[in-house]
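I opened this entry to keep track of what I looked up. The notes follow the order in which I went through the model.

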Amino acid sequence: MTRVEIEYCVPCGMLNRAQDVAEAVLTQFGERVDEVALVTGDDGVFVVRADGDVVFDKTEDEFDVDAIVRAVKPYVEA
């Protein structure tokens with residue numbers, strides 16, 4: 001099953017965004033994901049990984065919860 005990891009910047013106050021992504025992934029995929037983990041970070045980081053592969057990085061992508069869920073989907077359905 002799929003492991004989703006959301007690494008977010010604590011000093012930047014990105015916890016709410018990380019929680020929004022976690023909730024959206026769990027709502028969309030439910031028991032089809034093995035784990036959704038929130039990982040603390042700093043230096044402005046906000047990266048989402050599915051099975052170790054980066055599917056979203058705020059330095060390269062615009063934050064969009066729906067787009068992140070779509071990026072996770074192929075990993076869940078694999």
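I started with how helix α1 and helix α2 are set against each other. Helix α1 covers residues 15-29 and helix α2 covers residues 65-77, and I found them packed at an angle of about 50°, with axes 10 Å apart. Helices here are DSSP runs of H or I with at least four residues, strands are runs of E with at least two, and both are numbered from the N terminus. The axes are lines fitted to C-alpha atoms, for helices over the stretch in contact, and angles run from 0 to 180 degrees between N-to-C directions. I therefore noted α1 and α2 as oblique to each other. The cut-offs are under 35 degrees for roughly parallel, over 145 for roughly antiparallel, 65 to 115 for roughly perpendicular, and oblique for the rest.

I also noted the handedness: α1 passes α2 in a right-handed crossing. A crossing is right-handed if the near helix is turned clockwise from the far one by less than a right angle, and left-handed if anticlockwise.

Next I listed the residues that make this contact, which means heavy atoms within 4.5 Å. From α1 they are D20, V21, A24, V25, Q28 and F29, and from α2 they are V65, I68, V69, V72, K73 and V76. Sorted by class, the contact has 9 nonpolar, 1 polar and 2 charged residues. Nonpolar covers Ala, Val, Leu, Ile, Met, Phe, Trp, Tyr, Cys and Pro; charged covers Asp, Glu, Lys and Arg; the others, Gly among them, are polar.

A note on sources: the model is predicted, local features need pLDDT of at least 70, side-chain atom pairs count only at pLDDT 80 or more, and totals for chains, interfaces and linings use all residues. Residues are numbered from 1 along each chain as its sequence is written, and side-chain values use heavy atoms, with hydrogens and water left out.

Then I turned to the cysteines. How many disulfides are there? The count is 0, where a disulfide is a pair of cysteine sulfur atoms within 2.5 Å. C9 is buried at 1% relative accessibility, while C12 is partly exposed at 44%. Buried means under 20% relative accessible area, exposed over 50%, and partly exposed in between, with a 1.4 Å probe and protein chains only.

I looked at two strand residues. E7 is in strand β1, residues 2-9. Apart from neighbours within four places in sequence, E7 is in contact with V39, T40, G41, V45, F46, V47 and R49. I noted 5.7 Å between the C-alpha atoms of E7 and T40, which are 33 residues apart along the chain.

A50 is in strand β3, residues 46-50. Is A50 buried or exposed? I have A50 as buried, at a relative accessible area of 0%. Leaving out neighbours within four places in sequence, A50 is in contact with R3, V55 and Y75.

Two loop residues came next. D43 lies between β2 (33-41) and β3, and has a positive phi of about 60° without being a glycine. D43 is exposed, at 78% relative accessible area. D51 lies in the loop between β3 and β4 (53-57), and has a positive phi of about 50°, again without being a glycine. D51 is partly exposed at 42%.

Last, I checked two more positions. L26 is in helix α1 and is partly exposed at 43%. Not counting residues up to four places away in sequence, L26 touches V33 and V36. G30 sits in the loop between α1 and β2, and is partly exposed at 30%. From G30 to I6 I have 16 Å, C-alpha to C-alpha, and 24 residues in sequence.
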